[in-house]
Amino acid sequence: MKLPLPPLPAALQPKPKRPGESEHVKPVEQLKEAGIATVDWIDERTSLSQPTRWIMFRKIPKGTNWFYTLGSATLFAFLSQAVTGVFLAMYYDPSVTNAYESTRHITNDVFLGEFVRGMHKWGSTVMVILVCLHMARTFFFGAYKYPRELNWVIGVVLLILTFVMSFTGYLLPFDQRSYWATIVGVNINGTGPLAGPFLSDFLRGGAEFGSTTLSRFYSIHMLLIPGAIFALIGAHLYLVTKLGTTAPPWLKAEGSDGLREERV
Ligand code: HEM
C-alpha cells in the first residue's frame with residue numbers, strides 16, 4: 001500500500017494567491033528573484049553583507065552638503081586614471097628609441113587611442129585640482145582635528161603621491177617638452193637640503209639622464225605609486241567609515257550658546 005507523503009515544511013509551501021493575482025510571473029520579477037537568490041547564495045557562504053552594510057549605511061551629520069562629495073570625486077578621478085592607464089600601457093613602449101613613436105601611434109592609429117590618451121592627460125589635471133579642493137574642504141571644516149589627525153596625515157601622503165604621479169607621467173611621451181621639463185624638475189629636486197642630491201640621483205638612475213631614467217619613471221608611475229595610493233585610499237576610507245565625517249563648523253556652534261559641542 002502506498003503511504004501518503006509527509007506535508008511540506010511551511011517555508012517551502014507556495015504562498016496563497018491574492019485575489020486577482022495571475023499565474024504568470026513577469027520576466028522582470030523572475031530576474032529580480034534570480035538576482036536576490038544569487039546574492040543570498042554568496043552571502044550565506046561569505047557573510048560579505050556585514051562589511052558592506054557597515055560601509056554603506058552610516059549616520060552622516062546634519063548639514064552634509066556638496067563639498068562632501070569632493071573626496072569621492074577624487075576617488076573617481078583616480079579610478080578613471082587607473083583604467084585609462086591600463087589601456088595606454090598596452091601600447092606604450094618605455095624605451096628611449098620607441099617611447100615617442102609609441103605615444104604618436106596611440107594618438108594617430110589605435111582605435112579610440114586619442115580619446116583614452118586625452119582622458120588620461122586631462123584626468124591627471126582634474127585629479128590634482130580635486131585633491132586640492134578636497135584638502136581645502138577638510139581644512140576649512142576642521143576635519144583634521146581630533147580624532148581624525150591620522151586621516152589628515154594619510155591625506156598629506158596621498159597629496160604628495162598624486163603630485164609624484166603627475167611628475168613621473170609627464171616624462172613618458174618623451175618629446176622635447178617633457179624631456180627638458182623633467183630635467184628641470186629633477187634638478188630642482190637636487191637642490192633640496194641633505195636628501196636633495198640623493199633624490200635626483202635616484203630619479204635619474206645615476207649621474208646621467210637616459211634610458212634607465214625613463215624605465216625608472218615608468219615603473220614608479222605605473223606600479224609603485226598607484227599601488228601605494230590604492231592601499232592608502234583603503235586606509236583613508238576605513239578611517240572615514242570608522243570615525244564618520246565632521247559636521248560643518250557653522251552647525252556645531254548652533255544651539256550651544258556659542259559653546260562648541262565635542263563630538264565623540
Ligand atoms: C587620492 C586622494 C584622496 C582620496 C581618494 C580621498 C577620499 C576621501 C573620501 C571619499 C572621504 C569621505 C568624503 C569626504 O569627506 O569628502 C575623505 C575624507 C577625508 N579626507 Fe580624503 N581623500 C584624498 C586625499 C586627501 C587629502 C590630500 C587630505 C588632506 C591632506 C585628506 C583628508 C581627509 C580627511 C581629514 C577626511 C575626513 C573628513 C571629515 O571627517 O569630514 N584626504 N577622503
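In this predicted model, helices H3 and H9 are roughly antiparallel to each other, because an angle over 145 degrees counts as such. The angle at which helix H3 (residues 70-89) packs against H9 is about 150 degrees, and the two axes lie 12 Å apart. The handedness of the crossing between H3 and H9 is left-handed.

Helix H9 also packs against helix H6 (residues 149-171). The axes of H6 and H9 come within 9 Å and cross at roughly 155 degrees; these two helices are therefore roughly antiparallel to each other as well. H6 passes H9 in a left-handed crossing. In the contact of H6 with H9, 21 residues are nonpolar and eight are polar, while no charged residue takes part. Val164 belongs to helix H6 and counts as partly exposed, with a relative accessibility of 25%.

The model includes a ligand with an iron atom, which is coordinated by the NE2 atoms of His134 and His236 at 2.0 to 2.1 Å. For comparison, the ideal angles for six octahedral donors are 90 or 180 degrees. The two histidines come from distant parts of the chain: His134 is in helix H5 (residues 113-140) and His236 is in helix H9 (residues 211-243), 102 residues apart. His236 has a relative accessible area of 14% and is therefore buried, the cut-off for this class being under 20%.

The backbone was examined next. Most residues other than glycine have a negative phi, and most peptide bonds are trans. The peptide bond between Tyr146 and Pro147 is cis, with omega at about 0 degrees. Pro147 is placed in the loop between H5 and H6.

Positive phi values occur at Phe174 and at Leu194. Phe174, a residue other than glycine, has a phi near 55 degrees and is located in the loop between H6 and helix H7 (176-190). The relative accessible area of Phe174 is 15%, so this residue is classed as buried. Leu194, which is not a glycine either, has a phi of about 55 degrees. The position of Leu194 is in the loop between H7 and helix H8 (196-204). With a relative accessible area of 78%, Leu194 is exposed, since the class begins over 50%.

Helix H8 contains Asp201. The relative accessibility of Asp201 is 38%, and this residue therefore counts as partly exposed. From Asp201 to Thr213 the C-alpha to C-alpha distance is 9.7 Å, and the two residues are 12 apart in sequence.

Technical notes:
Residues numbered from 1 in each chain as written. Predicted model: local features only at pLDDT ≥ 70, side-chain atom pairs only at ≥ 80, totals over all residues. Heavy atoms only, no water. Donors = N, O, S within 2.8 Å, 3.2 Å for Na, K, Ca; no water. Helix = DSSP H or I, 4+ residues; strand = E, 2+ residues; numbered from the N terminus. Buried < 20%, exposed > 50% of the residue type's maximum accessible area, 1.4 Å probe, protein only. Axes fitted to C-alpha atoms, helices over the stretch in contact; angles between N-to-C directions. Parallel < 35°, antiparallel > 145°, perpendicular 65-115°, else oblique. Left-handed = near helix turned anticlockwise from the far one by under 90°. Nonpolar A, V, L, I, M, F, W, Y, C, P; charged D, E, K, R; others polar.
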